[in-house]
Each structure stands twice: as structure tokens, then as C-alpha cells.
Amino acid sequence: MAAPSSAASTANIMLAIYEKKTVSLDLYRPLRNYIVYNYSEREAQILEDDLETLKQYRSDLEKPTDSLPSRRDLLQNYYRALCCVESRFPISPDKDHINTVTFSWHDAFKNKLKASQQNIHLEKAAVLFNLGAVYSQMGLGVERSTVEGRRQAVQNFVAAAGAFAFLRDNVAVKASMGSSTTVDVSVECAGMLERLMLAQAQECVFETTIAKGSTPGVCAKISRQAGLYYEEALAALNVAPLNQHFDKTWLSHVQLKATLFYAEACYRYSLELHEKEEIAEEIARLKSGVSALSEAKKSSSKGAAQQLLDAINKLEAIVNCNLERAVKENDRVYLMRVPLASSLQPLPAFSMVKSMPMNEVLDASREKMFASLVPDSSAKALSRYTEMVDDIIRTQAEKLQQGSELARVRLKEMDLPESILALEGNFTLPTALKEDVEAVQISGGPAGLEAELQQLKDLRRVNRELLVQTEELLQKEANEDMQFRTQFGTRWTRPQSSTLTKNLQDRLNRFAANLKQAAESDARIERSVRDHSALMSILDRRPIESALPSLARPIMSLDANEDAIVGALKLSLRHLETLGAQRAGLEDMLKEMKRK
């Protein structure tokens with residue numbers, strides 16, 4: 001059955017982000033003064049071109065432009081320049097730093113709000129935000145009626161998503177540490193904007209998929225993923241700090257878009273079900289789509305663009321028409337029981353877009369700006385010197401380790417010092433060893449160890465029960481969320497359970513993995529205890545010295561020189577102990593030399 005053109009398959013309204021506005025700022029004079037004071041006037045003259053370039057970047061940033069590609073290039077160049085400035089010029093309120101520079105930026109969504117900081121991270125965050133905004137405007141400005149136009153729109157929207165993701169992951173937290181900040185460059189806002197841009201990119205892919213005449217199943221998956229991206233953006237908009245920051249028209253737009261693409265997925269999926277003659281699920285899917293559209297119109301139509309409302313109405317008419325036909329066919333021919341929406345599996349989804357990585361575009365490691373402040377020759381010499389020091393210390397440490405290992409093996413071969421202790425009938429244990437034995441005996445000896453192992457088993461069982469109870473509570477919460485979502489439709493605006501409990505579920509999985517690892521470790525300990533139980537039984541002997549081995553004298557004739565030989569051996573062993581202590585001191589000395 002041929003699918004009529006649905007509302008979401010036609011070019012639809014999308015959102016672009018406006019740039020943040022700034023306050024005029026002079027970077028040239030404070031940076032030049034810093035170079036003169038900390039380096040020299042000659043150095044400042046050498047870096048005059050770099051200072052002028054930075055000054056021009058900032059001046060151009062403060063002026064509007066009609067060319068979005070030029071604006072994009074300016075923002076990228078200025079961001080890389082800021083990275084060079086950050087590593088060489090300390091800007092902060094500190095009296096020894098550059099404390100005459102204050103960056104000021106207005107909130108993009110509430111222009112009356114302004115942040116002012118002596119913190120270059122605010123400047124970097126604002127530049128990244130504006131880069132994402134410019135990419136979004138480029139995506140919106142493309143003519144999407146052609147395949148090439150839609151491809152360019154996708155590229156720009158995923159680039160916008162990449163800029164906002166880079167802001168969220170690398171700069172937003174640092175920019176929020178000052179006393180003055182705005183919500184638009186927060187981690188939460190950057191994350192929401194990334195999902196919104198991905199949603200619009202996926203929407204462009206859906207438009208192309210429809211234009212190519214792809215199968216209903218493929219269209220359904222792509223549409224559903226667009227809806228999921230919009231739902232994720234909506235979830236962020238509905239919680240602090242964004243729920244009090246954005247205009248209601250934003251919420252209405254994103255809510256309607258999420259519903260539109262969910263209903264579109266239901267409609268496309270129902271076409272595939274119709275071809276398979278799975279009439280019962282087809283009816284259930286169409287009912288779910290109609291219900292979602294109806295609820296969205298009631299709760300979110302205020303302030304929404306008319307073009308979007310027209311798309312909702314058009315899709316609702318198409319879905320209702322198909323639903324009416326399917327119900328008639330079922331009543332006359334199939335007579336199948338229609339399942340409840342809550343019993344249906346989630347619609348399949350497939351993402352065709354992802355945020356563009358911005359690391360290479362914004363990488364400042366190859367920039368030459370202000371490079372002479374840390375001369376390349378010095379950096380290379382320092383790097384080579386560090387490698388040489390590391391190599392020398394590694395070689396000497398290996399020699400020390402080899403010497404210690406060789407001494408240990410040789411002593412083992414000669415049963416030293418154990419044989420001397422046994423020969424002398426020395427019933428006095430070394431102090432440290434005797435204290436360890438007494439500690440074991442006070443704790444109950446081997447029997448006490450068995451009790452500890454049993455207690456460990458009981459604790460492991462209790463932990464497992466707690467883990468299962470927690471899993472059941474999370475599953476119960478998820479089921480209730482699904483029930484209310486089905487019952488109330490789009491009036492149930494709380495974010496999905498899987499979104500709200502993701503951190504809990506991740507922690508639960510980590511706890512389960514830790515318990516499993518602990519159980520395996522406990523099993524190894526229990527096996528080791530069983531394998532050595534016979535040997536450990538001597539720990540019950542009191543006094544413990546009665547368990548020590550002894551040798552009968554003489555073992556063999558040494559021309560009455562036994563005592564002299566034993567004395568010489570004991571002297572050599574004491575000397576070896578002294579060398580061992582010196583070895584540890586040598587290692588510490590080498591580490592300290594490297595640190596200095």
C-alpha cells in the first residue's frame with residue numbers, strides 16, 4: 001500500500017540558536033604589559049603581530065556579520081588563539097597575574113542576564129556556544145528541498161551538536177566556577193542543545209528517507225530516533241536549571257516535535273504491519289499515535305508555530321483515516337483481539353547521526369601564536385634531558401632489583417638463615433613474626449579464620465539480597481512509569497524512568513560487578529585456606545616456639561671449626577641486611593634526584 005505524504009515528511013520548521021552578546025574588551029594592552037614586565041620590551045616587539053592578530057579577532061567578534069561561514073572561521077581561529085593565551089598568560093584576580101581583564105557575556109536566552117569573570121574559561125565557553133549557534137543558523141539557512149541541501153543541513157546540525165558537546169565536556173564546568181555565570185553555558189544547557197541539534201539532523205535524514213521512497217520499516221526507525229532525541233532534549237528542559245530559564249514556546253515546540261515523530265513512527269510502522277496482515281498490532285500502534293497527537297495538541301499547542309500545528313493536524317488526519325480502515329477490516333475479516341498499548345514492545349529506532357568530533361578543528365597544538373615565550377629549542381632540550389634522566393634511573397633501578405633477586409635465590413639454595421636458626425636451637429622468633437603469630441592466636445587461630453570466612457559468606461548473602469531488592473524497586477518504578485505514561489499519554493510529562501534512573505542503574509551494575517568480583521576473590525581465599533589448613537594448624541601451638549624445627553649437632557665434621565664458620569655466616573647475613581637497607585635508600589635517592 002502506498003503511503004501518503006505525512007506531515008513530518010515535508011520540510012518542517014526548526015530552531016536555530018542566537019549568539020551570545022559580549023562587552024567590548026581590550027586584550028592587547030594588558031597582555032603586552034605582561035610580556036614587557038615578565039620578559040622584555042624586545043620580546044613584546046617580537047610578538048607584536050600576534051598581539052595585533054588577537055586584538056583583531058576580539059574586535060571582529062564584537063561586530064555582527066552577514067557571512068555565517070566567515071563567522072564560523074573567526075570563532076574557530078579565536079578559540080585556538082585563546083588556548084595559546086591560556087597556557088602563557090595567567091588571567092585572574094591574583095595580584096601577580098593579569099588582573100585588569102574582565103570578560104563579560106550576556107545570556108543568549110535571557111539577554112538581561114550577564115556574567116563577568118576574570119577567567120578565560122568564560123570567554124572560551126562563550127566562543128564555543130556561539131560556534132554551535134552559528135552552525136545551527138547555517139543548518140537552518142540551507143534549502144532542504146533537495147538531497148544536497150538536506151545533506152548540508154545534516155552536516156551543519158551535527159557540527160553544532162559537536163560544538164555544544166565540546167563545550168559540555170571540556171569548558172562548561174570551568175566556566176561555571178566563577179561567582180558570576182549564566183545558564184546558557186552550563187553543562188545541562190550544552191547537553192540539551194546537543195540533543196536538540198541531533199534531533200534536527202535526524203529529522204533531515206528522515207526527510208531524505210521519505211524522498212527516496214524507503215520502506216515503511218526503515219522510515220519508522222529513523223522517525224522514532226528523531227523523536228527520542230527530541231524527548232531527551234525535552235527531559236532536560238523540564239528539570240532545573242533549564243525549566244525556569246526557557247520561554248514556554250521552546251517547550252511547546254520540542255514537545256510537539258517529540259510527539260510528531262513518535263506518531264510518525266507509529267504510522268510508518270503500522271504500514272509495515274499492514275503488509276504482514278498483523279492487523280491487531282497495527283490498530284494498537286495507530287491508536288497510540290492518535291492518542292499522543294491528541295494529548296500534545298491539548299497541552300502544548302499554545303505558543304507553537306502554526307506550521308508545526310498544521311503538520312500535527314495533517315498527520316492526525318492520516319493516522320485516523322488508516323485507523324478507521326484497519327478497524328473496519330478487523331471487524332469484518334480478521335476478528336483479532338487488539339492488544340493494549342502498554343503490552344507493545346518499544347518501537348525500533350536507528351540513529352543516522354552523531355555529534356561531530358571537534359578536537360581536531362579546535363586543536364591549538366600546531367598554532368605558532370606566542371610560541372617564542374616558551375622557545376621550541378628549550379622545550380626540545382628539556383624533553384631530551386628528561387628522557388635521558390628516566391633512562392639512567394630505570395637502568396640503575398633494574399640493577400638494584402636484579403642484585404636483590406640474585407641474593408634471595410642464593411640464600412634460598414643454601415637454606416639461609418633458617419638452617420642457622422635450626423642449628424642453634426634458637427627458639428626465639430623475630431619480633432615482627434612473633435607479633436603476627438600472637439595476633440592470629442588472639443583472633444582465634446585457624447578456627448577464628450574459619451569463623452571470619454563464614455561471616456564473609458553471610459555478608460555476601462545479605463548484600464546479594466539487598467541488590468535484588470533494589471533491582472526490584474527500580475523495575476517496579478519503571479513499570480509504574482510505563483503504566484502512567486500509557487494511561488495519561490502526553491499529559492505525563494515526567495522524563496522517562498530510564499532517563500531518571502540511569503545513574504542509579506549504572507551504580508547498581510557496578511555494585512553487582514563488585515559483588516561478583518568479591519565472590520570470586522573470597523572463593524580463591526577459601527581454597528587457599530583449605531589447601532594450607534594442615535600447615536596453619538601449627539598456629540594453635542603454644543608456645544609457638546615449640547613448633548620450630550631444629551637440627552642435631554654435629555651434622556658433619558668441620559675440624560672443630562663449626563662455631564667459627566657459623567659466626568662468619570651470621571656476620572655475612574648481617575652485612576647483607578645492611579646492604580638491603582642501603583638499596584632501599586638508593587632507590588629513594590634516585591627518585592628524589594629525578595624530582596628535582
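User: Happy to dig in! Which side chain makes a polar contact with the side chain of T208?

Analyst: The side chain of T208 makes this polar contact at 2.8 Å (a pair of N or O atoms within 3.5 Å, one able to donate a hydrogen and the other to accept it; residues adjacent in sequence count only if both are side-chain atoms). The model is predicted, so local features need pLDDT of at least 70 and side-chain atom pairs 80 or more, while totals for chains, interfaces and linings use all residues. Numbering runs from 1 along each chain as its sequence is written, and side-chain values use heavy atoms without hydrogens or water. The partner is the side chain of R150.

User: Is T208 buried or exposed?

Analyst: T208 sits in helix α7, residues 187-212 (a helix is a DSSP run of H or I, at least four residues, numbered from the N terminus). Its relative accessibility is 17%, and the classes are buried under 20%, exposed over 50% and partly exposed in between, with a 1.4 Å probe and protein chains only. T208 therefore counts as buried.

User: How far from R150 is the nearest side chain of opposite charge?

Analyst: R150 lies in helix α6 and is buried. R150 has no salt bridge (a Lys or Arg side-chain nitrogen within 4 Å of an Asp or Glu carboxyl oxygen). Lys and Arg count as positive, Asp and Glu as negative, with His and chain ends left out. The nearest opposite charge belongs to E207, at 5.1 Å.

User: Which residue's backbone oxygen does the R150 side chain reach?

Analyst: R150 has the polar contact with the T208 side chain at 2.8 Å. Its side chain also reaches a backbone oxygen at 2.9 Å. That oxygen belongs to R144.

User: How far apart are the C-alpha atoms of A44 and E587?

Analyst: A44 is in helix α2, residues 41-46. With a relative accessible area of 0%, A44 is buried. A44 and E587 are 543 residues apart along the chain. Their C-alpha atoms are separated by 45 Å.

User: What is omega for the A240 to P241 bond?

Analyst: P241 is in the loop between α8 (216-237) and α9 (248-275). A cis peptide bond joins A240 and P241. Its omega is about 5 degrees.

User: What is phi of L335 near?

Analyst: L335 is in the loop between α11 (306-334) and α12 (376-413). At 66% relative accessibility, L335 counts as exposed. Its phi is positive in a residue other than glycine, near 55 degrees.

Notes: Helix = DSSP H or I, 4+ residues; strand = E, 2+ residues; numbered from the N terminus.
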